[in-house]
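Let's take a walk through this structure together. Have the sequence and the 3D view ready as you read.

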Amino acid sequence: MVGQTLDDFYAQAANGTLPAISYIIGPAELSEHPPYAPRDGAWLQKQVIDAVTKGKEYSKTALIISYDETGGWGDHVTPYHSPSGTAGEWLHDPYNEVGYTYSGPGFRLPFYIISPWTRNGNVFTEHADHNSQIMFIEEWLAAKGKNVVTSQMVPWRRQHMSSLVNAFDFANPDFSLPSLPDAPAPHKNVGGDYDGATYCESQYSVTRPPVPYTNQIATNNVSSLSEQSFKEMRGALTEGRYIVFELGGYALTNAGKSATEFTTTKATPTHSDISQRWVVHSLVDGGNIFTISSAKDGGYLGSHTDSSSGAETYTVSFVPSQGYALQKESGKYVNVDGNGNVQIGNVPSYFKAFSVTYSS
């Protein structure tokens, strides 16, 4: 595992001599940490991405870009975390602000993987943190016949965080390259040092006004801060999003609280029909058994009321390169035939699932 200067990285990527594992940590001025500008960090990321994707080893390279903190933004759900008292996870806040508290994982942050096996901009749904990157390296080395497993990881994290393997579709690589926009080059002072934040502040008489946290993170205002759109999902199912399940041009649909099962209607290009939008509720910590309710009226499948009491449970399995199978309590699977009729059978069918964000 090698740390190196950016110039070294660019040169090694171009001629195909990159070490097997490289870490790239840019200068603080390009880190996007306040008061440094996000656009300066975007410029750095574009330089690294270009070096990797245009280098000789791109066909067998994965570039992982992650952030270390929130930057002041909140989340609309409490972060997934361990039960109180979990060894290595809970501590007494030394500042006495929150008392006894979990140490993480924290709020959701930007994280993306650039490789031929992660194309199409899918949302990766599994719980992940920085340990996930370590576990991915462990699995990669294990596939090469090398047993390298760190002993410095809290057991709960190893058990409940993803190894990132399901983020990849190794059966269907796409080696083409999309066209990415360029960010403006960061400003430099006369000595050649990056000084974008200082230069920006010098242009205004009032700098660093108070951040409007209240209207940014109020729980009743989250949807207005999010892009109104959709992305296909990849990875084991977890809570925290609206989901549309589609198969053969049809979407699983809520026909009303009096319905006994899923029905279907034609899928829409934008996956925006609220009657096709579902919410899953985990029954087992870190497991794949859920109750499912409708975003349209709150009704649960099986109970058809606003209460989960009596709701039917579904085991939802993800298979890379195929999708999501929905298995009922009876052990049978939800299928959709060529005419758009829901069928219940012994053989799983695999649905595409879309994470959607619409304010209505």
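Glu57 counts as partly exposed because its relative accessibility is 25% (buried is under 20% relative accessible area, exposed over 50%, partly exposed in between, with a 1.4 Å probe and protein chains only). Its partner is Lys60: their side chains meet in a salt bridge, 3.4 Å from N to O (a side-chain nitrogen of Lys or Arg within 4 Å of a carboxyl oxygen of Asp or Glu).

Before going on, note that this is a predicted model: local features need pLDDT of at least 70, side-chain atom pairs count only at pLDDT 80 or more, and totals for chains, interfaces and linings use all residues. Residues are numbered from 1 along each chain as its sequence is written, and side-chain values use heavy atoms, leaving out hydrogens and water.

Now find Lys328, which counts as buried because its relative accessibility is 9%. Lys328 forms a salt bridge with Glu261, the closest N and O atoms being 2.8 Å apart. Those two sit 67 residues apart in the chain. Lys328 also meets Glu312 in a salt bridge, at 3.0 Å from N to O, and Glu312 is buried too. Elsewhere, Lys46, Asp50 and Asp182 are linked in a salt-bridge network.

Notes:
Helices (H or I, at least four residues) and strands (E, at least two) are DSSP runs, numbered from the N terminus.
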